[in-house]
Each structure stands twice: as C-alpha cells, then as structure tokens.
Amino acid sequence: MKNQSFKHLQVLMLLVLLWLLPLSPITLAQTSPSANGQYQTLLKKISCPEDLADNGSYRDYGLYHEADGDYCGSAVPTRGYWVYVAPHWYIWQDKVLQPNQTRLLKQVKLKAQTLTLEMIYFKPHKAWAEQILNYAAKSIQDLESLSGRAYPGQNPYPIEEKADMGGLLGLASGAGMHLVSPPKGTPWTLVHEVVHIWNAGTEPAWVREGQANYLSWLIMQKNKFPFVGDETLPAFLRDWQEVRGTEDDLLLEKYDELPQGKAMEYWLLHHELFGSDFIWQAFGFALDHEDLQVADWKIFLKRWTPQDAQKLLSGWVNTGPYLVKKAEDFGPLKYPVSGAR
Ligand SMILES: [Zn+2]
C-alpha cells in the first residue's frame with residue numbers, strides 16, 4: 001500500500017534527528033554505574049570531572065573504542081561500555097544480554113583497518129541477523145570506496161536489534177546503530193543507517209537524509225540487495241508526484257515537514273545531469289561543511305555547470321517557480337539512471 005510506504009519513508013527521516021541521544025536513552029531512574037545492570041565486569045573506573053559539562057551528571061554512552069588506550073589522563077581499555085556517573089567513568093567489559101538475545105561478530109576488511117561488526121539480536125532472528133551483517137559489511141566497504149572517505153565509525157561497531165523503537169526503524173551514528181526487528185528492519189533501512197555512520201553530523205536535514213536515502217539506494221542497486229514490498233525508489237517518486245504543485249509540495253528547506261520523495265527526485269535529477277562523480281563529491285562536500293548553507297550549495301553546483309545554478313534551486317530548495325522540473329529542462333540528459341522510474 002502506498003500510504004504504508006510513505007509512512008515508512010517519513011519515519012526514515014526522523015532517524016538521525018534523535019541521534020544526539022546516546023545509544024541507550026537516559027532515564028532519570030537510570031543512574032547506577034552499570035546502567036542498572038546492563039553491563040558487567042568492571043574493567044576500570046577513572047576520574048574525569050571535566051566531562052560533566054558535555055555529559056551531565058549521568059550518561060550511558062554504550063560501546064566505545066579508545067584507540068589510544070588513554071583518556072582523561074588515565075590508562076583505559078581500548079574496548080568497553082562506558083557509563084558516566086559524575087565525576088567518574090565506569091568502563092565495563094560486557095553488555096548483559098537478555099536470555100532471548102545473542103551476539104554475532106563479523107570481520108570486515110576496510111582500507112586502513114579490519115572492522116569488527118558486533119550484532120546483538122533476538123535468537124529467533126538468526127538468519128535475518130546474518131543477512132543484515134552481510135549487507136552492512138558490503139555497504140560499508142562500498143561507501144568507503146565510492147566516496148573516497150575512510151570509515152569514520154567506531155571499531156568494533158555495535159548494531160543492536162530493537163523490538164520497538166517507538167515508530168522509528170533505525171538510528172545510527174559513528175558510535176553505533178539500532179535497527180528495528182524484522183520485517184520492518186529491511187535491507188534498505190540498514191543501508192540508509194550505514195550512510196549515517198559517515199553523515200550523522202551533516203546539516204541541514206534535507207542534505208543528510210536525502211543523501212542517506214539516495215546513496216543507500218545506489219548501493220542497494222549496485223549489489224542487487226532486495227527491496228521489500230513497496231519500499232522502492234519509484235514509490236518514493238510517486239509519493240511526490242501526488243503532492244507536486246499542491247500546498248504539500250514543500251521546499252527542501254522545509255525538510256522537517258517531510259518532502260522526502262522530492263528530495264529523492266532532486267538527487268536523481270542531479271545524478272542524471274552530472275553523473276555519479278557529482279553524487280559522491282556532493283557527499284564529501286556536505287561532510288566537509290557541517291552546517292551547509294544554500295549559498296555553499298550554489299557554489300558547489302557552479303563547479304558542475306556553466307549555466308545559472310540558481311535554476312537548480314528555485315522551486316526545489318528556494319522559494320520561487322520551478323525553473324527546472326526535470327533533468328531534460330536543464331540540458332541534455334548525459335547520465336540517465338537506470339531502474340529509477
Ligand atoms: Zn536517516
């Protein structure tokens with residue numbers, strides 16, 4: 001059902017907005033050094049009063065990799081689960097699994113390191129968890145090589161299955177990922193989240209989420225990962241066709257109000273005009289400009305065309321009439337994208 005798919009896509013957009021929360025959301029009741037028994041085997045307790053400002057009096061940070069083995073002037077284990085109870089960090093060896101949870105590891109060869117993916121999942125979902133790890137491994141490798149940007153996340157990288165994420169499907173940053181149980185935890189959701197390992201800090205949202213959706217779609221296509229149900233690019237685009245020209249045809253600047261199909265069409269249009277180099281360099285450009293402004297984006301567009309780049313913003317990003325409604329309106333279609341429509 002279309003609505004279902006649209007609803008699903010709306011949810012994708014929210015994924016990173018909440019990421020400023022640590023992996024395990026803080027509740028006031030949760031103030032013990034082991035995060036109320038979530039972690040076991042204390043490896044180290046260090047004093048670090050200066051982290052109070054950033055973390056507050058309590059923070060369950062989750063799995064953390066401290067490559068230098070040194071933090072706040074103390075020797076620390078390179079891998080552990082960190083909990084801050086001001087003014088101390090408690091570093092634990094293990095996460096306590098529920099009786100119905102288990103763990104699966106997968107090594108991934110990257111350019112500069114071998115990454116360990118650590119997945120915690122519910123026992124009946126073993127086949128799904130194995131698949132998810134395979135998709136994650138391949139998409140992380142692809143993102144490194146296609147973007148030319150080294151994997152920026154933690155090693156080991158934790159992926160935890162969640163039975164209920166309050167309507168969200170996934171949530172990710174360089175620190176870790178939560179993915180909702182199958183069938184909603186689909187391959188496309190996973191690959192979308194993998195993009196956020198790189199760009200969770202990118203602003204504005206239309207660039208961050210638009211790129212997560214579009215780049216994950218490219219990786220899905222490249223590897224022939226399965227799309228589930230109506231969760232396809234044509235469905236995204238149809239959702240927008242339906243609102244196009246109506247009052248729901250919102251500017252991408254209003255991304256919080258969910259013009260997701262429009263964002264997909266926008267990246268597709270640029271792909272068809274300027275090719276995949278453009279798409280991947282735009283990703284790097286956004287990573288290098290944490291709070292990307294429309295003026296910056298216009299400067300980037302100018303590198304790719306002698307024409308007036310404003311045409312590619314009007315009606316899409318900026319207020320105004322559409323000066324380019326489809327790629328052909330801007331010039332000959334040099335790089336048609338297969339499988340898009
Ligand atoms: Zn997202």
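These legends describe close-up views of a predicted model.

**View 1. Helix H3 packs against helix H4.** Two packed helices are described by the angle between their axes and the distance between the axes. Here H3 covers residues 126-147 and H4 covers residues 187-199. Their axes lie 9 Å apart, at an angle of about 40 degrees. That angle makes H3 oblique to H4. The crossing of H3 past H4 is right-handed.

**View 2. Residues of H3 meet residues of H4.** From H3, the contact uses Ile132, Tyr135, Ala136, Ser139, Ile140 and Leu143. From H4 come Pro187, Leu190, Val191, Val194, Val195 and Trp198. Sorted by class, the contact of H3 with H4 has 11 nonpolar residues and 1 polar residue.

**View 3. Strand E1 pairs with strand E6.** E1 spans residues 39-47, and E6 spans residues 88-95. The two strands run antiparallel. They are joined by 7 bridges. Look for Lys45: this residue stands opposite Tyr90 in E6.

**View 4. Strands E5 and E6 form a hairpin.** E5 takes in residues 79-85. Between E5 and E6 there are 2 residues. The two strands run antiparallel, joined by 5 bridges. Find Tyr84, then look across to Trp89 in E6: the two residues stand opposite each other.

View 5. Within E6, Tyr90 stands opposite Lys45, while Trp89 stands opposite Tyr84.

How values were computed:
Residues are numbered from 1 along each chain as its sequence is written. This is a predicted model: local features need pLDDT of at least 70, side-chain atom pairs count only at pLDDT 80 or more; totals for chains, interfaces and linings use all residues. Axes are lines fitted to C-alpha atoms, for helices over the stretch in contact, and angles run from 0 to 180 degrees between N-to-C directions. Helices (H or I, at least four residues) and strands (E, at least two) are DSSP runs, numbered from the N terminus. Angles under 35 degrees count as roughly parallel, over 145 as roughly antiparallel, 65 to 115 as roughly perpendicular and the rest as oblique. A crossing is left-handed if the near helix is turned anticlockwise from the far one by less than a right angle, and right-handed if clockwise. Two residues are in contact if their C-beta atoms, placed from the backbone, lie within 7 Å. Ala, Val, Leu, Ile, Met, Phe, Trp, Tyr, Cys and Pro count as nonpolar, Asp, Glu, Lys and Arg as charged, and the others, Gly among them, as polar. Two strands pair if DSSP finds at least two bridges between them.
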